[in-house]
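Please open the model in your viewer and keep the selection panel at hand. The stops below say what to select next and what is to be found there.

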Protein chains: 2
Amino acid sequence: MPDVIPVDSVGVVTPQIAHFSEPLELACGKSLSSYQLVYETYGTLNQDASNAILICHALSGDHHAAGYHSKDDKKPGWWDSAIGPGKAIDTNKHFVISLNNLSGCCGSTGPTSINPDTGKIWGADFPIVTVEDWVESQARLADKLGVTTFAAIIGGSLGGMQVLEWSIRFPDRLKAAVIIASAPKLSAQNIAFNEVARQSISRDPDFRDGDYLNEETLPKNGLGLARMLAHITYLSDDSMDSKFGRQMRHDTFQYNYDIEFEIESYLRYQGEAFTNRFDANTYLLMTKALDYFDPAARTEGDLAKALEKATCEFLLVSFTTDWRFSPARSEEIVDALVKAGKKVSYAKIEADEGHDAFLFPIPRYMAALKGLLNRVSKQIQEEAK
Amino acid sequence: MPDVIPVDSVGVVTPQIAHFSEPLELACGKSLSSYQLVYETYGTLNQDASNAILICHALSGDHHAAGYHSKDDKKPGWWDSAIGPGKAIDTNKHFVISLNNLSGCCGSTGPTSINPDTGKIWGADFPIVTVEDWVESQARLADKLGVTTFAAIIGGSLGGMQVLEWSIRFPDRLKAAVIIASAPKLSAQNIAFNEVARQSISRDPDFRDGDYLNEETLPKNGLGLARMLAHITYLSDDSMDSKFGRQMRHDTFQYNYDIEFEIESYLRYQGEAFTNRFDANTYLLMTKALDYFDPAARTEGDLAKALEKATCEFLLVSFTTDWRFSPARSEEIVDALVKAGKKVSYAKIEADEGHDAFLFPIPRYMAALKGLLNRVSKQIQEEAK
């Protein structure tokens with residue numbers, strides 16, 4: 001953390017835990033008898049509880065979206081560039097809730113938790129959780145925090161899928177849906193990349209059929225591989241070339257299997273670092289949630305029909321060099337919303353960073369976000385008069 | 001093999017072996033004191049040895065490009081659709097040579113061969129071989145077969161890199177260079193995918209530091225993963241979607257880690273099948289050859305300058321949905337050739353199949369190939385008068 005907290009930072013924040021004892025029926029047919037969600041809040045809920053914003057995280061995200069956990073923290077939360085006093089998601093005006101999703105590995109109940117029925121760590125026995133299940137559990141957290149209707153629900157990538165699901169499942173509970181760098185469902189290629197990641201993990205002998213924590217091993221090789229692969233899909237070809245190109249590690253080639261190019265070193269480092277902070281079973285679950293998501297499957301493949309119930313305003317954002325969820329994928333959602341007669345705006349943002357662009361404070365992107373939130377806030381104030 | 005050999009098939013062919021006892025100095029600084037290359041030929045070399053065509057194979061290719069090895073063969077060689085009597089590469093007119101490159105695993109000296117110094121299988125100790133080394137060894141094979149100058153040298157993907165190198169290294173030894181779905185060097189993203197593949201293999205405990213054959217294991221999990229990943233990059237997003245989309249294995253989701261989508265099944269099958277026919281150390285070597293190739297590095301990054309020596313005519317071919325080596329990569333070569341004042345034609349072919357399109361007999365593509373070979377043949381005949 002910087003010596004002086006910047007004026008536009010939410011400062012030091014403390015995660016909180018919400019316990020739930022009402023059973024949660026999951027899409028997979030199993031149920032969780034009780035569970036907990038870890039979350040953070042930034043800003044203050046106003047008197048009529050009309051200024052709340054929910055942040056939905058992506059595959060490897062967590063509840064720590066903004067600020068610092070202590071003065072020793074080197075880095076702030078994962079979306080600190082967008083959340084804070086005066087920032088696009090302005091904590092002077094809004095009460096922001098950010099949680100670690102159910103099945104996560106950062107404090108919410110998931111594969112690294114103890115299974116109350118066995119007294120052992122869940123591991124691979126933790127039930128598969130879907131985007132629909134997350135939205136249900138997020139709604140219960142909102143109830144607990146006194147939020148009936150969100151001013152906005154915002155998410156990028158897998159987070160955007162949760163926002164889309166909110167708009168269909170709980171149309172009365174949000175005024176605006178912000179869906180960033182997302183897709184209405186995975187393509188065959190998207191599923192294929194996920195499957196390679198899953199196989200990387202499950203083929204690691206230290207995976208032990210998912211029981212590695214009870215057996216005191218860790219499938220670091222496989223999880224690292226999965227992350228290396230995913231990382232390629234987060235960056236654009238161009239951004240990789242401008243950042244690394246063919247930069248060599250040594251003056252001349254060594255002609256062996258050690259690192260020759262800096263991009264190799266970078267990828268290995270990213271893979272290794274990830275294994276120190278993320279759980280392999282959770283990674284598997286997150287990729288399955290991505291695969292399963294397809295709200296139009298409930299309406300014979302017609303996304304416009306699936307979105308008929310939605311009443312909120314939508315903002316879709318895509319990035320020009322994103323090839324994981326290209327602009328065309330966002331436009332599928334835009335087209336369905338237009339067809340369904342919904343209020344939608346769309347910003348296709350020029351950016352070099354590929355899919356990762358959704359984490360960068362690109363001015364046009366932040367302006368689109370800020371503009372929408374201001375407009376929605378005004379509407380809410382007028383409606384309250 | 002069909003009951004009756006089609007008239008446009010080269011029929012049953014028998015691989016041959018060429019032994020070389022003159023040491024080959026490699027780019028890596030090591031040398032091979034002796035080695036062998038396995039190859040096939042189709043058609044007949046004419047009296048003035050002016051009708052020869054060399055086929056250079058890609059990463060997982062081999063010498064068996066056309067025809068059948070026996071009546072029991074279910075499938076013909078890998079490029080049978082282009083090579084045969086009356087086909088684009090017409091064996092009625094041309095004498096076609098197709099070899100397994102040095103360091104291959106299909107009969108040419110490579111990691112699965114016996115190291116004469118130790119009496120054991122080479123494994124990971126086999127020296128790293130580059131595109132330059134391949135071209136040198138191919139030239140020696142040409143000498144042995146009595147071919148001083150090729151009418152054309154043709155290759156796709158990594159094969160195209162060999163063709164490019166031929167045009168620079170031995171400008172007098174080819175009349176035409178056909179470079180298909182290739183690139184003048186790998187991008188950072190290309191190298192990154194290769195590195196994930198290599199890590200998949202080397203992290204497999206059965207890899208045994210590359211000594212798996214001597215230790216009687218096989219890194220099938222890692223090699224299978226590498227192939228699954230590579231396979232995604234060979235297909236286009238669209239072709240995967242039209243072939244598999246989100247087709248499910250069962251009527252409803254099973255919510256477990258078994259196969260839910262047909263694309264998962266297909267990929268696992270492709271990975272598994274590959275491990276039964278290909279050697280992991282050879283795979284590593286092939287990816288390194290790809291990484292190292294960069295002829296412009298010898299001329300301060302100026303590809304046009306690198307190509308100054310070339311005297312042959314060039315045909316470049318790319319495919320619209322190829323994202324492994326996109327049309328832009330072929331156009332880099334075209335631009336350099338134009339800048340260097342060389343004779344070049346370029347066909348960007350509409351195709352759904354992604355990088356794999358180079359293996360399909362797409363009419364416009366075959367016509368471009370046939371047209372060039374006819375033109376070059378006529379030129380050679382006229383020059384001989």
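**Stop 1**

Begin with α10(B), where the face turned away from the buried side carries the exposed residues Pro363(B), Lys378(B), Gln381(B) and Glu382(B); exposed means over 50% relative accessible area, buried under 20% and partly exposed in between, with a 1.4 Å probe and protein chains only. The model is a predicted one, in which local features need pLDDT of at least 70 and side-chain atom pairs count only at pLDDT 80 or more, while totals for chains, interfaces and linings use all residues. Residues are numbered from 1 along each chain as its sequence is written, chains are lettered from A and ligands numbered from 1 in the order in which they are written, and side-chain values use heavy atoms, with hydrogens and water left out.

Helices (H or I, at least four residues) and strands (E, at least two) are DSSP runs, numbered from the N terminus. Now select Tyr365(B), Met366(B), Leu369(B), Leu372(B), Leu373(B), Val376(B), Ser377(B) and Ile380(B), which are buried in α10(B). They cover an arc of only 135° around the axis, taken from the directions from the helix axis to the C-beta atoms, which puts them on the same side of α10(B). An α-helix has 3.6 residues a turn, so residues three or four places apart point the same way.

**Stop 2**

In chain B, 8 strands form an open sheet of mixed pairing, in the order β1-β4-β8-β5-β9-β10-β11-β12, where two strands pair if DSSP finds at least two bridges between them. Its edge strands are β1 (16-20) and β12 of chain B, each pairing on one side only. To look at one pairing, select β11(B) and β12(B), which run in the parallel sense over 6 bridges, and find Val317(B), whose bridge partner in β12(B) is Ala347(B).

**Stop 3: a loop residue**

Where does Glu300(B) lie? Glu300(B) is in the loop between α7 (280-292) and α8 (303-306) of chain B, with a phi near 50°, a positive value in a residue other than glycine. At 67% relative accessibility, Glu300(B) counts as exposed.
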